[in-house]
Amino acid sequence: MKTQIPPSPEPPVENPRHWRTLGEREETPEARKAAHDEFLPGAVDVADLPAPSEFSRRGFLGLMGGAAVLAASVACDRKGEGTIVPYTRRPVEVIPGVANYYASAFQEGRRAYSVLVKTREGRPIHITGNDEHPGFKGKTSPRTIADIMGLYDPDRLRGPKAGGRTQSWAEAQGQLNLALAGAKAAGKPVLLVTGAVASPSRKALLADLKTALPTLEHLAWEPVRGDGAAEGARAVFGTDVEVTPRLEKAKVVLSLGADFLNGEDPMALAAWGAQRRLSEPGQATNRLWVLEGPLSITGSNADQRFPVRPSRIAAVAFALAKELHGRGLALPAGADLSAVPAGVPQGVEIPAEAWQGLVKDLASAGREALVLCGAEMTAEAHQAAHLLNAMLGSQALELRAAEPLATVRDLDAAVQGMAAGRYAAVLLWDVNPAYAFPKAQAWQDALAKVPFRAWMGLAEDETAAQCQLLLPVNHWLESWNDFGSGELSILQQPVIGALYDTRQGEDVILGALRGLGAVAPEDYHTYLKARWQKEVYPTGSPVAFERYFEVALHDGLVKDGKAAPAPAFKGASLATAAKQALAAQGGDMELVLVPGFATHDGRYANNGWLMETPDPVTKMTWENPLLLSVADAKRLKLNDGDLATLTVDGAALRVPVVLQPGQANGVVTLALGYGRTTGGMAAGKGVNAFPLMALDPAAPNLRAGVQVAAAGGSKPLSRTQAHHRLDGRELVQSWSLAEYAQEAKDRKKGPELVTLYPDQKFPEHKWGMVIDLSACVGCSGCMVACQSENNVAVVGPEQVVKGREMHWIRLDSYYEGDVDNPKVVHQPMLCQHCDDAPCENVCPVNATNHSPEGLNQMVYNRCVGTRYCANNCPYKVRRFNFLEYTADKVEPESLVYNPEVTVRPRGVMEKCSFCVQRIEDGKIRAKGEDRPLRDGEITPACAVSCPSDAIVFGDLKDPNSKVSQLVRANRSFKVLEELGVKPAITYLADLKNPAIEGGQHEL
Ligand code: SF4
């Protein structure tokens, strides 16, 4: 190819196909200016920096003199953390400087994640998925990765307390035992409220407690799971069920408000990624239809999406069943849809062509079709979804009978029981109903009437404040447990001793059992092992149990059980459900309450990593704005950040609003889990939406007839959607399959760009990365993993408002098309490690420079903070430490730091290093074993965490490496390639598989 002088960079395109903000879409002067400005207004303000007068010349010289003395005396020990004493007897498994990995498990609700915990010198520092898990295959969820912060949470309660006074465990356990024995003797009920019991051993233990204390009443409660799913399942299966999608078996997937790609289910993301990483046009892939009110992560990845009010979802699902029946699909016995009219239900805007396309898609996919219903949807919608799957004979889901969970109505009955003096004692274990229950005040008033109130948890919360006895429990990284049933049993083992004077909750229950006169082992570890020996260990196994258990602990799981049979479908309730679905109305406006991406039900609200990770759709951090459609906002004369009053059934909240493209008109969304009143990080962030929840178990998260009105005033939003904007050109590529076929045919190699700089030489390796936008769903797991691996600082909401967030990798979301229902593309953006990096040649002190392996590296010690490099970076991926974000971090928080990565102080520029510490570690390992590096053996934290395998890293010098092969793919492109900076990151274009070409999102 002949070398040519490249044309001068194109000016920003008129009407860009992709846009990030409404202003960009409309090309307002403010948006154009914002795209050109280096920093957001306020980012370089000196208002929050020490005043210049504090740095008098005399003071400066004094300081420098002192610093020189200090530097000479402590060398690199910046903080002077005291005398270091080496091991006198080193634990056999610990080699200083070498990480150890232990298998363990994390639980959230009914789901258990098998994980590997990386420890350094006995200190857990990073979490990844366990690669032995056959479904998760080394992947896990963002919240699992981030919950290592829970271990080091400085707000953890460090010892038992009674009446505000610290107690010994003997005293505390004695009080609990006395109260339970008293209740038993008086024959009075004791109420125990826990989260979901996903552990068979914990379940057995609670059954033992029930035997020893027959008056025990146990409620297992998950505040945000949406009771509609359970009510719907009970109606058609007679039992609560757990639905596991098997996307790898589905050609057509219909989501009825189900956000199954939100990162919580790594297995779903893995199957999604596998179907979306196409290498040739014409390859088989799946098709995702999404009908939903709020735009979800799943909706943002849809091939065909239509905004539908949640109150109409059940009617839509029943109408689809009627249509499928009309096409010859049999109804299950007892199902009667005679009252359901065919066609698009009233009040639903789905064009006839799309409706017929959906019906045809489902009918022709048959057993390879899958219908999933969102947790927040009504019981009727869930019944209809089960009916659709039964009619289709879907093989793409697993249904298992599940232990029932308490509903809001059950909790309400408990409140009434407490108020009526029914209970002698209440024990609350890892639950926070004083915050997460719709009638929290009624709960608190009723609880106050119970004579004995005990609480078990990690950190004092709103519920702990109401209890007399506080029993601090171990974090899961300090605990034993097991999870699963059927084919797979997962083990949780402690990877560190208890940091404080805490106990595992199960040990407290064992103590209670002994107090009640039952025979119980001394600790839960013994209890769990005994149960495994009796129930999990295969009879007649040639391996001794101790060895069997050791291997299970090493692997983190055993795969030798049998799957439970799926419960049978009964259609008798469907006629009534269909009638209710047809009659359901949401009023002018309806509200959907969704679990917070960061907070879930509020349990992670004290976790800075999660709170500062932008919500994958709204890009909000730290709080929960009210989301409404652009049309509704115009009608209500509201703009981003304006304060609005949201009124639901007499309860009102004042909350800032965000205009969310893709949100259905007449639907507003608010995330749960914010507005806590306790916790150093959590308190006062956002508003508590639980008071708006209904006490109706058929759909507690949906409210009809809500009112939204401007409340006057506005507040700055800690939202990153408009931060770090790249200047106006087409930055992402997103094609339909037909466009892909065309692009692959017409693809021409562009002219090679010339440069005045000499070519870089890479004698051994040249590291590079490929990111497949078609596989990436935008779950943000990579952001959390990067934060954990690289000691990325949390800056707080005030700093995020100024655009000073420090993330080394971010997720840029681009919209395309109509604001009412745009297409969305998520693009991970990080340092592109350009060969001709524009940052390198402007650094006056050579603090950023190029390594012989193609890494754009930062020498923190040299950086003097001019920020020229950030100015010159076209990708806006460099992060400056405007303030000292890390110096105030002391133990226990600082224990989470990765010792292989420098903790950066104020005044230093930082950015992605391609996890250089992992590269070096891999090279040392290969050298130690006297072999060349293997392709794929070095993986940065973002790539390891990505459940859909959208990120591939490797050596571009090796033409056969996976990364080199992908660079040559017919979907590859480089962002801002025309600048001639030669980025080392290649992207693969996003692909959509619409049923209606060119109209996948149009209304
Ligand atoms: S690249 Fe990041 S955001 Fe995209 S799917 Fe992977 S982990 Fe999620």
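Helix 27, which spans residues 916-928 of this predicted model, comprises 13 residues and reaches 18 Å from its first C-alpha to its last, close to the 18 Å expected at 1.5 Å a residue, the expected span being 1.5 Å times one less than the number of residues. Helices (H or I, at least four residues) and strands (E, at least two) are DSSP runs numbered from the N terminus. Within helix 27, Gln917, Arg918, Ile919, Gly922 and Ala926 are buried, that is, under 20% relative accessible area with a 1.4 Å probe and protein chains only. The cover over these buried residues includes strand 4 (123-129), strand 29 (767-772), helix 24 (781-789), helix 28 (941-945) and strand 36 (951-955), where contact means heavy atoms within 4.5 Å. Just after helix 27, Asp930 adopts a positive phi of about 55°.

Around the ligand lie 13 residues, of which Cys776, Cys779, Ser780, Cys782 and Cys946 come nearest; a residue is near if one of its heavy atoms lies within 4 Å.

For the chain, the secondary structure comes to 29 helices and 39 strands. The radius of gyration, taken over C-alpha atoms, is 29 Å, close to the 30 Å that the globule rule (2.2 Å times the number of residues to the power 0.38) gives for 1003 residues, so the chain is as compact as a globular protein of that length. Buried residues account for 60% of the 1003 residues.

Residues are numbered from 1 along each chain as its sequence is written. Local features need pLDDT of at least 70 and side-chain atom pairs count only at pLDDT 80 or more, whereas totals for chains, interfaces and linings use all residues, and side-chain values use heavy atoms, with hydrogens and water left out.

How values were computed
Buried < 20%, exposed > 50% of the residue type's maximum accessible area, 1.4 Å probe, protein only.
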